[in-house]
Amino acid sequence: MKIVVCIKQVPDTKSAVKFNPDGTLDRSAMLAIMNPDDKAGLEAALRLKDKYGAEVTVITMGLPTAEDILREALAMGADKAILVTDRVLGGADTWATSQTLAGAIRNLEYDLIITGRQAIDGDTAQVGPQISEHLGIPVISYAQKIEVEGNSVIVERQFDDRYHVLKAQMPCLITALSELNEPRYMTPGGIFDAVKAEITTWGRANLVDVDDSNLGLKGSPTQIAKASNKVRKGAGEKVVLDPSESVDYIVGKLKEKHVI
């Protein structure tokens with residue numbers, strides 16, 4: 001079995017978020033991590049590898065610094081890593097991003113593609129399903145459990161207060177929830193090997209069956225009307241009261257805000 005996992009380097013939401021003048025994120029100015037849903041998807045692939053002997057390839061589109069999360073994935077147990085990076089791909093929305101990733105994946109053999117449900121820097125949940133549409137394969141989203149049976153996958157798909165059980169023939173694409181599992185830690189040996197590992201780097205020339213009009217900022221139909229940096233909260237109201245008065249004051253404020 002050959003599994004491709006799409007991962008993304010995203011801003012750590014605990015750090016400051018900054019924007020470029022065109023409304024896109026200034027990723028170079030922020031701390032970055034592997035997107036949580038993607039890491040759960042990677043762990044799902046690694047568990048299938050442990051059980052069935054699958055080959056796991058991780059792929060990301062981003063700046064050269066995105067190599068960091070690829071090496072993290074290799075240290076966790078992935079077999080191969082591919083970085084898709086090119087200036088013409090910058091500023092891509094979900095449409096252009098999915099076109100780029102699909103164009104890169106067309107170079108690969110795969111039985112299963114796993115992506116995260118959504119990225120914490122966009123929260124659109126669109127890229128995974130769009131990739132499946134570009135590649136012409138079925139998609140099962142919001143996976144909370146994944147099993148393989150012969151040439152098919154059986155997935156529990158989260159739905160409100162219950163779940164659906166869906167079965168699809170491979171090749172297919174699955175989008176994973178962060179609640180799918182608890183991702184493993186990198187091993188010391190894995191870290192050592194990942195540092196030395198060769199990462200394949202692709203650019204625009206390596207994308208198959210993708211038109212220039214669907215790439216980068218110019219190929220992104222999404223228009224950002226306004227973007228701003230996080231607004232600092234004020235100091236708030238400060239009062240000095242004795243304990244009994246403090247209780248009455250707090251209860252009064254909670255009632256005023258309709259909390260109680």
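These legends describe close-up views of helices in a predicted model.

View 1. Helix H1 covers residues 36-52. Its 17 residues should span 24 Å at 1.5 Å a residue, and the end C-alpha atoms are 24 Å apart, which agrees. Buried residues in H1 include Asp 37, Asp 38, Ala 40 and Gly 41. Leu 42, Glu 43, Ala 44, Ala 45, Leu 46 and Leu 48 are also buried. Just after H1, Gly 53 has a positive phi of about 75°.

**View 2. Packing of H1 with helix H2.** Helix H2 is formed by residues 67-76. The axes of H1 and H2 are 11 Å apart and meet at an angle of about 30°. Angles under 35 degrees count as roughly parallel, so H1 and H2 are roughly parallel to each other. Their crossing is right-handed. On the H1 side, Lys 39, Leu 42, Glu 43 and Leu 46 take part in the contact, meeting Glu 72, Ala 73 and Met 76 of H2. By class, this contact has four nonpolar and three charged residues, with no polar ones.

**View 3. Packing of helix H3 with helix H4.** H3 comprises residues 94-105 and H4 residues 127-135. The two helices pack at about 50°, with 8 Å between their axes. H3 and H4 are therefore oblique to each other, and their crossing is right-handed. From H3, Thr 94, Trp 95, Thr 97, Ser 98, Gln 99, Leu 101, Ala 102 and Ile 105 meet Val 127, Gln 130, Ile 131, His 134 and Leu 135 of H4. This contact has seven nonpolar and six polar residues, and no charged ones.

Key: Residues are numbered from 1 along each chain as its sequence is written. This is a predicted model: local features need pLDDT of at least 70, side-chain atom pairs count only at pLDDT 80 or more; totals for chains, interfaces and linings use all residues. Side-chain values use heavy atoms; hydrogens and water are left out. Helices (H or I, at least four residues) and strands (E, at least two) are DSSP runs, numbered from the N terminus. The expected span of a helix is 1.5 Å times one less than its number of residues. Buried means under 20% relative accessible area, exposed over 50%, partly exposed in between (1.4 Å probe, protein chains only). Axes are lines fitted to C-alpha atoms, for helices over the stretch in contact, and angles run from 0 to 180 degrees between N-to-C directions. Angles under 35 degrees count as roughly parallel, over 145 as roughly antiparallel, 65 to 115 as roughly perpendicular and the rest as oblique. A crossing is left-handed if the near helix is turned anticlockwise from the far one by less than a right angle, and right-handed if clockwise. Contact means heavy atoms within 4.5 Å. Ala, Val, Leu, Ile, Met, Phe, Trp, Tyr, Cys and Pro count as nonpolar, Asp, Glu, Lys and Arg as charged, and the others, Gly among them, as polar.
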